[in-house]
Amino acid sequence: MSKNSELRSVIETTAVVIGSFVAAVILIVLLTKDYSSAEPAVEKVVETSNTEPVAQVVMDTAESDSSDSSGAAIDAKKIVAANCAMCHEGGLMGAPKIGSEDQWAPRIAQGKDTLISHAINGIRQMPARGGNAKLSDEEVAAAVIDMANASGGNL
Ligand code: HEC
């Protein structure tokens with residue numbers, strides 16, 4: 001009898017263990033189903049976040065395009081600082097000083113085009129293009145205009 005009840009409790013225990021296993025498996029399947037149904041959404045998020053950098057790259061290209069054109073847009077102050085200031089800041093060799101209206105007035109009076117052509121081609125101690133042959137006519141002209149306008153001119 002006691003063996004019988006032992007056997008019964010073993011069967012009961014086995015049933016409980018199997019039952020809880022089945023329950024656990026069902027739970028796991030349900031949870032896994034939840035996750036697998038959530039996965040496509042995650043993939044979509046990844047896909048859209050993949051699309052965004054592409055859009056950013058396009059924007060970057062647009063930005064670099066515009067910075068290219070602003071690179072083409074001449075920065076007169078930089079040109080002057082890099083090529084002209086060494087003489088025109090302190091009045092080296094009789095160069096008209098930037099900011100000196102007295103020294104610039106007679107030069108500006110020659111006219112904008114003359115002034116620019118003197119800067120491009122050089123005049124007396126003033127070297128052609130300030131000594132930088134790489135400067136374009138436009139860059140030299142922009143530098144002339146910037147210097148003259150900083151010295152009482154209105155070119
Ligand atoms: C090596 C020194 C030196 C550098 C660099 C230099 N200049 Fe001059 N510049 C002179 C001197 C000196 C004069 C005066 C020339 C004269 O009238 O005898 C002068 C005169 C000028 C004049 C007046 C020309 C005129 O017709 O009266 C302009 C405009 C000018 N420079 C522009 C520039 C520009 C723009 C740059 C830079 C791109 C530059 N210079 C760089 C020395 C320099």
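In the predicted model, the side chain of Arg107 places an N or O atom 2.6 Å from an oxygen atom of the ligand. A polar side-chain atom of Gln110 lies 2.9 Å from a ligand oxygen atom, and for His118 the separation between a side-chain N or O atom and an oxygen atom of the ligand is 2.4 Å. Each of these pairs falls within 3.5 Å, the limit used for a polar contact.

The ligand is surrounded by 27 residues, of which the closest are Cys84, Cys87, His88, His118 and Met126. When the residues of the shell around the ligand are sorted by class, 17 are nonpolar, 7 are polar and 3 are charged. Four helices, namely α2 (76–88), α3 (101–108), α4 (112–121) and α5 (137–149), each contribute at least two residues to this shell, and the greatest contribution, 5 residues, is made by α2.

The space that the ligand takes is the largest pocket, which holds about 340 Å³ of space. This largest pocket is lined by 20 residues, and those closest to its centre are His88, Pro96, Arg107, Ile123 and Met126.

The composition of the lining can be described in the terms already applied to the shell. In the lining, the largest share belongs to α4, with 3 residues, whereas in the shell around the ligand it is α2 that gives the most.

A further residue, Gln125, is located in the loop that runs between α4 and α5. Its relative accessibility is 54%, and because the threshold for an exposed residue is over 50%, Gln125 is counted as exposed. Although Gln125 and Met93 are 32 residues apart along the chain, their C-alpha atoms are separated by 6.9 Å.

Terms used: Residues are numbered from 1 along each chain as its sequence is written. This is a predicted model: local features need pLDDT of at least 70, side-chain atom pairs count only at pLDDT 80 or more; totals for chains, interfaces and linings use all residues. Side-chain values use heavy atoms; hydrogens and water are left out. A residue is near a molecule or strand if one of its heavy atoms lies within 4 Å of it. A polar contact is a pair of N or O atoms within 3.5 Å; within protein, one must be able to donate a hydrogen and the other to accept it, and residues adjacent in sequence count only if both atoms are side-chain atoms. On a 1 Å grid over the protein atoms alone, a cavity is a set of points where a 1.4 Å probe fits but cannot get out, and a pocket is an open set with protein on both sides within 12 Å along at least five of seven lines; lining residues have an atom within 4 Å of a point. A molecule sits in a cavity or pocket if more than half of its atoms lie within 2 Å of its grid points. Ala, Val, Leu, Ile, Met, Phe, Trp, Tyr, Cys and Pro count as nonpolar, Asp, Glu, Lys and Arg as charged, and the others, Gly among them, as polar. Grid points are joined across faces, edges and corners, and a volume is the space filled by probe spheres set on the points. Buried means under 20% relative accessible area, exposed over 50%, partly exposed in between (1.4 Å probe, protein chains only).
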